[in-house]
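I opened this model to look up a few local features. My notes follow in the order I took them.

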Amino acid sequence: MSKLTAWERIEIVRTPGRPTVKDYIPMIFDSFIECHGDRLYSDDEAVIGGIARLNGRPVTVIGQVKGKNLEENKKSNFAMAHPEGYRKALRLAKQAEKFKRPVIFFIDTPGAFCGVGAEERGQGEAIARNLYELSTLATPIVSVVLGEGGSGGALALGVCDELAVLENAVYSVISPRGFASILWKDSTKEREAANILKITAEDLLRLGICENIIREPEGGAHNNPQQTAQNIKNYLEKSLKNFSEISIDSLLTNRYYKYRKIGECTE
């Protein structure tokens, strides 16, 4: 798998039938109670969230929802959240902090929705508010990139103590098509853009952006969803156990320095 190009990985994560957060939740968690709405405007079906149990331990689970067909994708707006989706995520994260539950984010989006209505309701502010609030949220946060992690729409669920990436997932500041459109004024060069963006799991680990790579079955997660789910579960159990042994003060200090060191370079 490590020999695949970034574009080949993008093709894998866009494979019809690749497991989504709605597939993983019942395979990983003992129970799940979904919570709806941002208490300000509406419920955004691009983001699912609620209270679950991981081997009996209460956790808050929040994820971006991709569909497996056109109808499911239309319902979830192709996993492109509106501001109310990010505000729902933050509401549930703050609730988790109050009741001392760890937060588990599942990232899978090409980016935040950029329609007029979303902008009118404060899309940029909602994403920025999540970055600000999650940076000091006094409870452990673990984020897992399931497929695509695009731009600020992904980062709004990506401020965490540990970031894990599925083997074929990608995580980028901009989509390859957007990159090609800006740099070369030619969106058809997205394959070339993908291969120079440094967005694969191995790139992210080498650059210190993620802490773990979660293995997928050969050919991709869709070839054995149960095994992929078990790999994710094993990682989450180990990660949360480690965080349970750290004080909140130390957790927040470590989170701060995790992001301060990203982007270091030498001349």
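**Entry 1: Thr-20.** I started with the contacts of Thr-20. Setting aside neighbours within four places in sequence, I found Thr-20 in contact with Lys-66, Lys-68 and Leu-146. The model is predicted. Thr-20 lies in the loop between α1 and α2 (21–28). Buried or exposed, I asked of Thr-20? Its relative accessible area is 6%, so I logged Thr-20 as buried.

**Entry 2: helix α1.** α1 covers residues 6–13, and six of its eight residues are buried. I noted it as mostly covered. The buried ones are Ala-6, Trp-7, Arg-9, Ile-10, Ile-12 and Val-13.

**Entry 3: α2 against α11.** α2 packs with α11 (residues 225–244) at an angle of about 65 degrees, and the axes are 9 Å apart. That angle makes α2 roughly perpendicular to α11. The crossing of the two is right-handed. From α2, I listed Tyr-24, Met-27 and Ile-28 in the contact. α11 brings Pro-225, Gln-226, Thr-228, Ala-229, Ile-232, Lys-233 and Leu-236. By class, I have seven nonpolar, two polar and one charged residues in the contact of α2 with α11.

**Entry 4: α4 against α6.** α4 (residues 83–98) and α6 (residues 123–134) pack at about 20 degrees, with axes 8 Å apart. So α4 is roughly parallel to α6. The crossing of α4 and α6 is left-handed. Which residues of α4 meet α6? I read off Pro-83, Tyr-86, Arg-87, Ala-89, Leu-90, Ala-93 and Lys-94. On the α6 side they meet Gln-123, Glu-125, Ala-126, Ile-127, Arg-129, Asn-130, Glu-133 and Leu-134. The residues of this contact divide into eight nonpolar, two polar and five charged.

Entry 5: I moved on to the strands. β2 (residues 47–54) and β3 run antiparallel, joined by eight bridges. Ala-52 has Val-59 of β3 as its bridge partner. The hairpin of β2 and β3 has two residues between the strands. In that hairpin, I saw that Asn-55 takes a positive phi near 50 degrees. β3 also joins β4 (residues 103–109), here in parallel, through four bridges. Gly-63 has Phe-106 of β4 as its bridge partner. How many of the eight residues of β3 are buried? I found six, so β3 (residues 57–64) is largely enclosed by the rest of the structure.

**Entry 6: β5 and its partners.** I followed the pairing onward from β4. β4 and β5 pair in the parallel sense over six bridges. Thr-109 is bridged to Gly-149 in β5. I also found β5 paired with β6 (residues 162–166), parallel, over four bridges. There Val-145 stands opposite Val-165 of β6. With β7, β5 pairs in the parallel sense over three bridges. Gly-149 turned up again here, opposite Tyr-171 in β7. I then checked burial: 10 of the 10 residues of β5 are buried, so β5 is largely enclosed by the rest of the structure.

**Entry 7: positive phi in two lysines.** I looked at two backbone angles in loops. Lys-100 has a positive phi near 60 degrees, in a residue other than glycine. I placed Lys-100 in the loop between α4 and β4. With 71% relative accessibility, Lys-100 counts as exposed. Lys-198 has a positive phi of about 60 degrees, although it is not a glycine either. I placed Lys-198 in the loop between α9 (190–194) and α10 (201–206). Its relative accessible area is 45%, so I logged Lys-198 as partly exposed.

**Entry 8: Arg-39.** Arg-39 sits in the loop between β1 (31–35) and β2. At 61% relative accessible area, Arg-39 is exposed. I also took a distance from Arg-39 to Pro-58, which is 19 residues away along the chain. Their C-alpha atoms are separated by 23 Å.

Technical notes: Residues are numbered from 1 along each chain as its sequence is written. This is a predicted model: local features need pLDDT of at least 70, side-chain atom pairs count only at pLDDT 80 or more; totals for chains, interfaces and linings use all residues. Side-chain values use heavy atoms; hydrogens and water are left out. Axes are lines fitted to C-alpha atoms, for helices over the stretch in contact, and angles run from 0 to 180 degrees between N-to-C directions. Angles under 35 degrees count as roughly parallel, over 145 as roughly antiparallel, 65 to 115 as roughly perpendicular and the rest as oblique. A crossing is left-handed if the near helix is turned anticlockwise from the far one by less than a right angle, and right-handed if clockwise. Contact means heavy atoms within 4.5 Å. Ala, Val, Leu, Ile, Met, Phe, Trp, Tyr, Cys and Pro count as nonpolar, Asp, Glu, Lys and Arg as charged, and the others, Gly among them, as polar. Buried means under 20% relative accessible area, exposed over 50%, partly exposed in between (1.4 Å probe, protein chains only). Two strands pair if DSSP finds at least two bridges between them.
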